[in-house]
Amino acid sequence: MKHLRRIVWYIATRLLVACLVLGLMVVAFYYAMNATNIYIVLKDGMARRAQVVMQQEEETELTKYFQNSFLEWDSALTITRQGQSPYRDYDIRGIDHRLSMDFAWIWPWDATVRVDITESIPSIDGRIKGSRAEEAVAAGGADAVYPPSWQSAKYRAVLTKENGQWRIKSLTLIENLAE
C-alpha cells in the first residue's frame with residue numbers, strides 16, 4: 001500500500017507540473033499574439049491616420065484600424081475634412097512615422113486594453129505646391145516651402161476586440177513632446 005501511494009503521488013505531482021507548464025505556455029502564446037496584433041494595429045493605424053491628414057488620402061482604410069465613433073470625433077481628421085489642414089498646400093511624398101508602445105499586460109480573455117504610445121514623425125518628404133510657393137515664401141520665409149513639422153505626442157490608446165479583431169476605440173493626449 002505504501003508503494004502504491006508513492007507511485008500515485010509521484011504521477012500526480014508530475015501531471016500537476018506538466019499542466020502548469022502547459023498552462024503557462026498557452027498564456028504566453030496568447031499574450032504574444034495579442035501584443036503583436038495590438039502593436040500592428042496601432043502602428044499601421046496611426047501611420048494611415050497621419051497619411052490621411054498630410055496627403056489628403058481617402059479615409060476608407062481607417063475603418064480597418066479605428067472604430068467609426070472615433071473617426072467621427074477625431075480632431076485631426078475633422079480639420080482635414082473641413083479643408084483646414086496645415087498640409088493642404090503641400091505635396092507630401094513620404095513620411096518617417098515612428099511609434100513606440102509601452103508595456104501592457106493582456107490576458108488571453110481580455111477584450112479591452114489600455115496602452116500608452118508615443119508617436120512622432122521626425123521627417124516629412126514634401127514641398128509646397130507650385131502655385132503657392134511664391135506666396136508662402138513671401139509670407140513665411142524660405143522655410144515655408146517645406147511642410148510644417150508633425151507634433152510628437154504621447155497618447156493613451158484604448159483598444160477593443162470586436163469579432164476577433166482589435167480596433168482603436170479612443171486616443172487621449174497625455175502630453176505634447178518637444179522636437
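## Pocket, sheet and ring pairs in a predicted model

Helix α3 gives the most to the lining of the largest pocket, with 4 residues. The structure is a predicted model, in which local features need pLDDT of at least 70 and side-chain atom pairs count only at pLDDT 80 or more, while totals for chains, interfaces and linings use all residues. Residues are numbered from 1 along each chain as its sequence is written, and side-chain values use heavy atoms, with hydrogens and water left out.

The largest pocket holds about 390 Å³ of space. A pocket here is an open set of points on a 1 Å grid over the protein atoms alone, where a 1.4 Å probe fits and with protein on both sides within 12 Å along at least five of seven lines; lining residues have an atom within 4 Å of a point. The volume is the space filled by probe spheres set on the points, which are joined across faces, edges and corners. Of the 20 residues that line this pocket, R49, S75, A76, W150 and Y155 are the closest to its centre. Two or more lining residues come from each of α1, α2 (68–73), α3 (75–81), β5 and β6. Helices (H or I, at least four residues) and strands (E, at least two) are DSSP runs, numbered from the N terminus.

The strands β2-β3-β5-β6, in that order, form an open sheet of 4 strands with antiparallel pairing, where two strands pair if DSSP finds at least two bridges between them. Its edge strands, β2 (98–101) and β6 (165–176), each pair on one side only. On average, and with direction ignored, neighbouring strands of the sheet are turned by 30° against each other. Between strand β3 (residues 112–120) and strand β5 (residues 153–162) the antiparallel pairing extends over 8 bridges, and V115 stands opposite A157 in β5. Helix α1 (residues 2–55) lies across β2, β3, β5 and β6, running at about 150° to β2; axes are lines fitted to C-alpha atoms, for helices over the stretch in contact, and angles run from 0 to 180 degrees between N-to-C directions.

Strand β6 also contains R167, which counts as buried at 18% relative accessibility. Buried means under 20% relative accessible area, exposed over 50%, and partly exposed in between, with a 1.4 Å probe and protein chains only. Leaving aside neighbours within four places in sequence, R167 is in contact (heavy atoms within 4.5 Å) with T63, K64, Y65, F66, Q67, V158, L159, T160 and E162.

The aromatic pairs number 7, counted where rings of Phe, Tyr and Trp (its six-membered ring) have centres within 6.5 Å; planes under 30 degrees apart count as stacked, over 60 as edge-to-face and the rest as tilted. Two of these pairs are tabulated.

| Ring pair | Centre distance | Plane angle | Class |
|---|---|---|---|
| Y31 and F103 | 6.1 Å | 40° | tilted |
| F66 and F70 | 5.0 Å | 15° | stacked |

The pair of Y31, in helix α1, and F103, in the loop between β2 and β3, links distant parts of the chain, 72 residues apart. Y31 counts as buried at 17% relative accessibility, whereas F103 counts as exposed at 65%. Both F66 and F70 are buried. Ring pairs also link Y31, F103, W105, W107 and W109 into a cluster.
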